[in-house]
Amino acid sequence: MRQHRRTLRLLGSLLLVAMAASVTGAAPTPQASTTPLDRVVPAPASADPGGSPYRITRGTHIRVDGSREARGVGEYLAGILRPSTGYRLPVTAQGAGGIRLRLAEGPFGAEGYRLDSGRHGVTITAARPAGLFHGVQTLRQLLPAAVEKDSVQPGPWLVAGGTIKDTPRYGWRGAMLDVSRHFFTVDQVKRYIDQLALYKINKLHLHLSDDQGWRIAVDSWPRLATYGGSTEVGGGPGGYYTKADYQEIARYAASRYLEVVPEIDMPGHTNAALASYADLNCDGVAPPLYTGTEVGFSSLCVGKEITYDFVDDVIRELAALTPGRYLHIGGDEAHSTSHEDYVTFMDRVQPIVAKYGKTVVGWHQLTGATPAKGALAQYWGLDGTSAEEKERVAEAARNGTGVILSPADRVYLDMKYTKETPLGLSWAGYVEVKRSYDWDPGAYLPGVPGGAVKGVEAPMWSETLENSGHIEFMAFPRLPGVAELGWSPAASHDWERYKVRLAAQAERWDALGMEWYRSPQVPWGAGGR
């Protein structure tokens, strides 16, 4: 009988220890595995493993300081963790241990952070809220992929012990979404924003106007949206964003620490505007709406004063809606505009952008005119683009124009992976995952000073893309590589190591319900479908 009681007491003690461990985050069972600190995409600046892992349990709190921004990041993290863990995870300024989000001065810059993980908790420290947010994205990737699911999963929820110190290489890490060739709803754009945020993208460039559709309401020129936005490639119904819609996109992006960069493409790519208002045409005759995919045939009438009234009104209203610093004025493929007219137009339009408090961004053809002081030129040429055209961009860069790199045969996400890819185009060639990743933005354009390179951006043109599944299939797995080019130190760039880290992301994409392309260049293993 005494032996029986001792056995019961022993079992009871073991049960209490197990319960305590589940509440306090004590050491996990030996068979439970953790994601190595250096498995993250984009690669952190440094990752030093060591010590015991932290276990998120029913007793875990998310502790934040008193700032509204830190609390917002804490609530965002709780919103990700609660459905899959089933835990309450209260966000609080009280207590010790758990997950701590801490704002403090340090060597973090505007977006960097430090993540410390050990037996008693995880602390993310940053000088600015954006750094806390990016640190949270790293924390997500250190947890099992099942944490992304929207129903309760078994866990355990372990974070490897050690320290990550991380700051981005470039301040501009962008993705462009063309909503003009095919229109995407507010919810579809939000879905893409969430996917971009996971990889620390910080700019969402929205291509809001083109020959096939005008996608933003302008009160002073209402037919731009109601008529010019009434179709799309192939003749579908199109659509446009009300001002409230656009502001909701900008607000949602800001909550994920992405800055919206709106683009009104001009003087070419303007058929939707020309069809909406006859007076914008040199001959006073409005062309029909256009649903094809050819480019270069349209132009605003550079010699008419109403053209600049139109541009002023559009930029004024769009700038008032846009909290970010930049406004993109296009400028590419203006084949129906003479060089002299193009220069005249850009000389008139760039000061309008400045008048309404924004910085000019244009496609790199802007360097064929005189870029405004502080302007950014977005290079979309190919490896094989003429040396003369590349030198024109380099000369502008040496004279103070910043450069964003978007080489079409590297990072245009609408390019087919192979000739068998069911979506996308191939005018810039086929762009498999390795080609998209395996280049250095800092050394890509000869003669461009290193300091002139502001970052990278991955455009997604939508001639063949009609829904979120199409966007995801073309973005993944290429987008994370572009994000790594923008974020990670040049010294960490290595395809053989990267493809292993990339393969580990597949299980996360599946948990998020995303479509993606199973590139044969990547060793997906059991984790990828």
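This is a predicted model: local features need pLDDT of at least 70, side-chain atom pairs count only at pLDDT 80 or more; totals for chains, interfaces and linings use all residues.
I started with charge pairs: searching the whole structure turned up 28 salt bridges.

**Glu-111 and Arg-173.** I looked up this pair and found a salt bridge between the side chains, 2.8 Å from N to O. It ties together distant parts of the chain, 62 residues apart: Glu-111 lies in the loop between β5 (98-103) and β6 (113-118), and Arg-173 sits in strand β10 (residues 172-178). Buried or exposed, I wondered about Arg-173? Buried, at 1% relative accessible area. Glu-111 is buried too, at 12%.

**Lys-243 and Glu-317.** Here the closest N and O atoms of the salt bridge are 2.7 Å apart. I traced Lys-243 to helix α6 (residues 243-255) and Glu-317 to helix α8, 74 residues apart. Glu-317 is buried, with 7% relative accessible area.

**Asp-409 and Arg-435.** I got 3.2 Å, N to O, for this salt bridge. It links helix α11 (residues 408-411), which holds Asp-409, to helix α12 (residues 433-437), which holds Arg-435, across 26 residues. Asp-409 is buried at 6%, whereas Arg-435 is partly exposed at 29%.

I also noted a network: Asp-178, Arg-181, Asp-210 and Glu-463 are joined by salt bridges that share partners.

**Disulfides.** How many are there in the whole structure? My search found 1. Its partners are Cys-282 and Cys-301, with sulfur atoms 2.1 Å apart. Both cysteines are in the loop between α7 (271-276) and α8 (305-321), 19 residues apart. Cys-282 is exposed at 58% relative accessible area, while Cys-301 is buried at 6%.

Technical notes: Residues are numbered from 1 along each chain as its sequence is written. Side-chain values use heavy atoms; hydrogens and water are left out. A disulfide is a pair of cysteine sulfur atoms within 2.5 Å. Helices (H or I, at least four residues) and strands (E, at least two) are DSSP runs, numbered from the N terminus. Buried means under 20% relative accessible area, exposed over 50%, partly exposed in between (1.4 Å probe, protein chains only). A salt bridge is a side-chain nitrogen of Lys or Arg within 4 Å of a carboxyl oxygen of Asp or Glu.
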